[in-house]
Every structure is written in C-alpha cells, then in structure tokens.
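Please keep the sequence and the model in view while reading.

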Amino acid sequence: MPMDSLLLGSFTTPSILTKGRNDWRRCNLRNVDFSGSYGAYRVSKFRGWNVKETHCCSGFQPCSLKHCTKSTETSVFHYRKNNRFLVNAAAEQPLESEPKNVLNSAKDALDAFYRFSRPHTVIGTALSIVSVSLLAVEKLSDFSPLFFAGMLEAVVAALLMNIYIVGLNQLYDIDIDKVNKPYLPLASGEYSVQTGVMIVASFAILSFGLGWIVGSWPLFWALFISFILGTAYSIDVPLLRWKRFALVAAMCILAVRAVIVQLAFFLHMQTHVFKRPASFSRPLIFATAFMSFFSVVIALFKDIPDIDGDRIFGIRSFTVRLGQKRVFWICISLLEIAYTVALLVGASSGFLWSKVVTVLGHTILASILWSNAKSVDLSSKAAITSFYMFIWKLFYAEYLLIPLVR
C-alpha cells in the first residue's frame with residue numbers, strides 16, 4: 001500500500017481529529033449528511049502527522065462527536081464550514097523516528113559546540129599542560145595518583161578558560177567571521193548572541209571556581225592572567241581590543257602560549273603537587289624559548305587566511321600590511337630557526353637516548369615543514385587554512401618531544 005493515498009469522495013464511516021486537553025483523538029462521525037460534499041482526503045497508516053492551518057474547501061455540516069478514542073493510525077480532516085481550522089494531517093514522519101530525531105539534534109548540538117570551542121586550540125592547550133607537567137617528574141615514583149590528579153585539575157581548569165577566550169573572540173567577531181569563518185556557530189546563526197554570552201560566562205565562572213577550589217596559586221594566576229589577556233585581546237571597548245594592533249596581538253598570544261603555560265603550570269606541579277621548591281630546569285627554559293618562536297608563528301599565521309575580513313573591518317594585521325606571501329615565509333623561517341636551535345640543544349644533552357630522539361625528531365619535523373611549505377598554493381584560502389592546521393600539528397608534535405629534552 002502506498003505511503004499516502006489521495007481519495008476523492010465520501011467515506012462510510014468518516015472520521016475527524018479533534019484536539020482534546022492533552023492529545024489528538026479520532027472520532028467517528030455518525031448520522032452526518034455528506035451529500036453533495038466532496039473533498040480531498042489524505043489518509044495514512046503512519047502514526048504521526050504535521051498539522052497545518054488553512055480554510056476548508058467543502059461544505060461539510062457541523063456534526064456531533066461520539067465514541068472518541070485515542071488513535072494514532074489514520075487521519076481525515078475537514079471540519080466547520082468557512083472557518084479557519086486545523087487541516088491536512090499529512091503523515092510525514094512516524095513517531096518511531098522521534099528517538100532518531102532526538103539523536104540527530106544531539107549530534108547537531110555537539111557539532112556546533114565542537115566548532116565553537118575551536119578544537120585545535122583545545123588540543124593544543126591539553127597537550128601543552130600534560131607535556132609541561134611531565135617536565136616536573138624527576139623519578140618514576142612521581143607517577144602517582146597525586147600527580148595525575150594535579151595534572152587533571154590543571155587541564156580541566158585551563159580548557160574551561162580556553163573556551164571562554166575563543167568564545168569571547170567569536171562574540172566580538174561575528175561580522176568578521178561571516179567573511180572569514182562562516183562555519184562558526186555565531187557567524188552562521190546556529191547560536192544566538194545570548195547563547196554565546198551564556199556559554200562564555202559559564203565557562204569563565206567554572207574555570208575560576210575550579211582554580212579556587214584546587215587552591216594552587218600558580219594555577220589560579222595562570223587562569224587570571226589568561227582571562228585578562230584574552231579579554232583585552234577581543235573585547236571592543238576603548239583602549240582594548242588589542243587584536244587590532246599586530247604587535248600587541250602577537251605579544252598576547254606569546255604571553256599565554258609560551259610563558260604562562262610553561263612556567264605557571266610547571267610551578268603548579270612542582271610547588272603545589274610535589275611540594276618542592278620552585279626551580280627552572282634546562283628543559284623548562286628550552287620549552288619556554290622554543291614555544292616563544294612557535295607562538296609568534298601561530299599569531300602571525302592565523303591572520304594569513306583571514307586577510308579579506310581583516311581588511312574590510314580595519315584589523316591591521318601583519319598580513320594586511322605586508323601581504324600573505326611575505327608573512328607566510330617569515331613564519332616558515334622562524335620555525336626553521338627554532339628547529340635548528342632545538343637540534344643544537346638536543347645534541348648537547350648528556351643522555352644518549354635524549355640526544356638521539358630530540359635530534360632525529362626535530363630533523364624530521366623541520367624537513368616535513370619545508371617540504372610542505374614549498375607546495376602551498378598561496379592564492380588558495382583553502383590551501384592556506386589547511387597549512388595553518390598543519391602548523392598546529394607541528395605544535396602538538398613538539399609537545400611530545402619536549403619532555404624528552406634532558
């Protein structure tokens with residue numbers, strides 16, 4: 001039997017749907033005169049229907065309803081002459097599909113939040129804190145439940161603050177993102193401004209709350225300074241919105257990614273978790289210096305694919321000032337310099353295993369970077385964006401090597 005059938009004529013025992021207090025009911029019509037009244041009826045065996053409002057087109061007479069029983073099987077719908085009423089109970093989706101619809105809605109919501117959270121920054125933050133936490137490990141016995149609990153506290157608090165920072169930036173960049181990143185939830189309209197504000201405020205409060213509960217001053221100060229710099233970077237008030245100024249914007253990113261993450265989270269593990277006196281080891285100094293180069297590259301490179309929107313809205317980034325090609329090769333040169341320094345540091349290690357791994361690892365990364373850079377089509381926004389994501393992968397890879405520098 002076809003899914004819907006269109007019948008023209010009258011029924012032996014026609015039925016209509018009337019809305020009760022809590023549900024729709026099917027009622028049989030008895031002793032109703034349908035003579036001379038013909039209409040089109042959509043009949044379905046499905047259990048659900050969409051109800052639309054329109055004018056009746058036939059001359060049905062008022063009727064009395066008897067023997068009303070709950071039904072979810074069929075629907076025939078014409079009632080009241082010349083009145084606006086609920087008409088056309090056409091079955092489009094069965095009730096059985098409701099769990100699937102709920103599942104799809106949940107997937108859409110998760111996908112929107114995934115894009116809102118800027119996952120490449122989330123991964124970078126988590127990896128950096130884990131890597132820096134490992135720098136505080138001095139012996140195998142340090143791998144204790146206390147170590148993992150302290151590291152988890154730092155990661156969760158930092159990720160909450162990370163989402164606050166990237167979310168706030170999107171709130172103040174909606175018009176720019178409609179040009180540069182139309183897939184983001186605020187730019188695409190999936191999130192309203194009120195939803196964005198609610199998410200951002202909630203994550204900031206949760207981050208500070210967790211930091212306060214943990215009771216680690218290095219952790220709390222890391223969150224607080226990140227909050228101040230992230231807010232000043234994005235918020236559009238006099239003397240702030242530092243992202244408008246290329247050098248200041250780069251310094252903000254460098255301060256958070258290169259200095260605060262390395263020093264504050266190391267001190268969190270060293271002083272709060274292990275209860276040891278503060279110290280700055282050779283691997284920590286290397287990590288801070290190397291990530292300073294990398295943070296500058298990220299700060300410069302992120303604007304290369306966004307040149308159109310930045311130019312339209314007056315964001316004077318280095319890319320707008322110098323051009324995409326020049327900034328691109330400046331970034332590549334800075335990274336190659338950083339890898340060269342890393343090779344020298346690795347070669348000077350007193351541990352053979354550290355020397356081999358760090359020298360070989362940085363050589364491979366430097367070679368891959370140069371090979372990929374030569375093949376990038378700088379006239380293609382998609383190619384530049386893809387390479388920017390590749391830069392983040394190199395960023396992740398470095399945090400895998402840093403704990404091995406000794």
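A residue is called buried when its relative accessible area is under 20%, and exposed when that value is over 50%. The model described here is predicted. In this protein of 406 residues, 48% are buried.

**Overall composition**
- The secondary structure consists of 14 helices and seven strands.
- Among contacts with a separation of 6 or more, 74% join residues 24 or more positions apart.
- The protein has an accessible surface of about 20,800 Å², and carbon and sulfur atoms hold 64% of that surface.

**Helix 6**
- Helix 6 covers residues 193-214. Its 22 residues reach 32 Å from first C-alpha to last, close to the 32 Å expected at 1.5 Å a residue.
- The buried residues of helix 6 are G196, I199, V200, F203, A204, S207, F208, G211 and V214.
- Viewed down the helix axis, the buried residues of helix 6 fall within an arc of 150°, so they line one face of the helix.
- Q194, M198, I205, W212 and I213 are exposed on the other side of helix 6.

**The largest nonpolar core**
- This core has 92 residues, of which F265, F294, F328, L369, F387 and I391 touch the most other members.
- Helix 8 (residues 246-273) gives the most to the core, with 15 residues.
- Because domain 1 (106-275) and domain 2 (280-405) both give residues to the core, it lies between them.
- Beyond its neighbours within four places in sequence, F387 contacts F301, F328, I332, L369, N372, A373 and V376.

Technical notes:
Residues are numbered from 1 along each chain as its sequence is written. This is a predicted model: local features need pLDDT of at least 70, side-chain atom pairs count only at pLDDT 80 or more; totals for chains, interfaces and linings use all residues. Side-chain values use heavy atoms; hydrogens and water are left out. A nonpolar core is a set of buried Ala, Val, Leu, Ile, Met, Phe, Trp, Tyr and Cys residues joined through side-chain atoms within 4.5 Å. Buried means under 20% relative accessible area, exposed over 50%, partly exposed in between (1.4 Å probe, protein chains only). Helices (H or I, at least four residues) and strands (E, at least two) are DSSP runs, numbered from the N terminus. Domain bounds come from an automatic or database domain assignment. Contact means heavy atoms within 4.5 Å. Accessible areas come from the Shrake-Rupley method with a 1.4 Å probe; for residues, only the protein chains shown count as cover. The expected span of a helix is 1.5 Å times one less than its number of residues. The arc is that of the directions from the helix axis to the C-beta atoms.
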